[in-house]
Amino acid sequence: MKVNGAQLITTLLERQGVRIVAGIPGGANLPLYDALHASRLRHVLARHEQGAGFIAQGMARATGTPAVCFGTSGPGATNLLTAIADAKLDSIPIVAITGQVPRVMIGTDAFQEIDTYGLTIPITKHNYLVRSATALLDVIPDAFRIATSGRAGPVVVDVPKDVQTETIEISTLPAPGTADPPPRYRHADLERATALINAARRPVVLAGAGVIASGACTELRRVAEIASIPVAVTLLGLGVMPADHPLFLGMVGMHAARCTNLVLEECDLLIALGIRFDDRATGKAEAFCPRAKILHVDIDASELGKIKPPFLAMEADAGAFLHALLPRIAVRPRHDWAQRLRHLRTAYALAMPGAHDPLQPYGIIRHTAALVDADCIVTSDVGQHQMWVAQAFPFARPRQWLTSGGLGTMGFGLPAAIGAALAEPERTVVCFTGDGSLLMNLQELATAAEEHVNVKIILLNNRHLGLVRQQQELFYGRRYHASRFHAEPDFAAIARGFGIVACDLGVENDPASTLAEALRHSGPCLINVPIAAEENVYPMVPPGAANRDMIDGGSDARICA
């Protein structure tokens, strides 16, 4: 049969199981959009290419399957870069397909020409500049194979306009691209790991996004229960174990509960599964888990020993490791360790002031959690609200919590929530955001309204860049600069201007009832929650300090000149 390059792309995407594509058309990818007319693909028109990239991320993070976004050449491609880089740092499988100027014009500084291939080398697992329509038969399946193999991540496919219009004759289509088998661990290493765990008196599991990516949360819980091992998580590991599980310690690091960081101070074996020892989790790396041997299991060999030297390192899929460990692990009650954990939890529990007041940070999060279904999805932007949610929302399952971890991208939350709602339309999606973050991709309110997605935007509005203001207060002698928004938009009115139902809890006589009514609304809804600018998120590890040196809002909060 005869097809052109654009038609071949849409056909191959359909064969990969792609149902929804987010993007924006432009001159260099119009042939691809023309091919969508005869395709079964559903296109979602974003209002900015960064929004399209984060919509794809929301779909991929919510489902664990690769998602696709489109952009045109030049500014269309550069607008995608932040979303691509974000996916790289958080190991999210997306395929970004960009238009490019015709082959003969490459290198001539043509209108909207940019070196997409060169720009994306450091922020992708792999990228392609496609030189012929025939090459697409190999490139598209291979892009999906690479995006999903080993440590997942983004792949860019840059397709010149004349490659999209080039007609070729094909007789068969290639098989869809699938992930390569994970690396095989050494049996001797498994036996050593088993012996380490069985012999430990005070072991702790630190689980990250790699456990969720491997689909191994059930196996992790069984190992923990058999061996009486408490489980802490990184920011992106929230959801690997229900928050109410007796062995669950919560998040580690800069804004963890003090008791969680102190447990890791005292452990004698750290079982690190699918983590990369990010500085926000470890604090001062050389002071992290000072008494512990480290067993580090990760699918990416480059992470082993990069930050913390392990006693034993295993290049392995976390799920394969846990599955093999289950029949070998010894039943150990570890009564002394359990008693010590109870003491630390009681003495250094996380304080959540205002948890009963929906006009307070912890209160709005706890009230929302009580009102939404347990199978909801939660996204956030980046800042104080992100940390309050990580501390206070009772996550119960994997892929319930979608946030920007490594890159820390403000503007992530709303488009990611749209993507999650498109991929999982039967679930309510709650997006916690701040006013600074929401302004970064405010235009995607139009996409939310147009698609009528079931997204509830809860805006913790302090009229500041809150975490910037907090650090200026604590570590820069209260020299506040560029952290206050002197123009204070009426976000509820703005949302209504996009056709979205909105309310402002600050002017309601019964904010709890208004919140409940808004969350019951069938489509997108924005809920403005005014909070005091002086509200800080505690505890906090000062930048560069060890996790044991956390400060809180009391007498140990220090002001640095």
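A residue counts as buried under 20% relative accessible area, exposed over 50%, and partly exposed in between (1.4 Å probe, protein chains only). By that rule helix α20 (residues 466–475) is mostly covered, with nine of its 10 residues buried. Helices (H or I, at least four residues) and strands (E, at least two) are DSSP runs, numbered from the N terminus.

This is a predicted model, in which local features need pLDDT of at least 70, side-chain atom pairs count only at pLDDT 80 or more, and totals for chains, interfaces and linings use all residues. Residues are numbered from 1 along each chain as its sequence is written, and side-chain values use heavy atoms, with hydrogens and water left out.

**Helix α20**

The buried residues of α20 include Arg469, Glu473 and Phe475. Part of their cover comes from α16 (384–392), where contact means heavy atoms within 4.5 Å. Just after α20, Gly477 has a positive phi of about 60 degrees.

**The parallel sheet**

Six strands form an open sheet in the order β16-β15-β17-β18-β20-β19, with parallel pairing. β16 (401–402) and β19 (501–504) are the edge strands; each has a single partner strand, so one side of each lacks a neighbour in the sheet. Two strands pair if DSSP finds at least two bridges between them. β19 and β20 (residues 525–530) pair over four bridges. Cys503 has Ile527 in β20 as its bridge partner. Helix α15 (residues 361–371) packs on the sheet and touches β17 (429–434), β18 (455–461) and β20. The direction of α15 makes about 165 degrees with that of β18.

**Helices α3 and α17**

The axes of α3 (residues 49–63) and α17 (residues 413–423) come within 6 Å and cross at roughly 50 degrees. Axes are lines fitted to C-alpha atoms, for helices over the stretch in contact, and angles run from 0 to 180 degrees between N-to-C directions. α3 and α17 are therefore oblique to each other. Angles under 35 degrees count as roughly parallel, over 145 as roughly antiparallel, 65 to 115 as roughly perpendicular and the rest as oblique. Residues of α3 in the contact include Phe54 and Met59; those of α17 include Ile418 and Leu422.

**Backbone exceptions**

| Residue | Phi | Place | Relative accessibility |

A cis peptide bond joins Tyr538 and Pro539, with omega about -5 degrees. Pro539 lies in the segment after β20.
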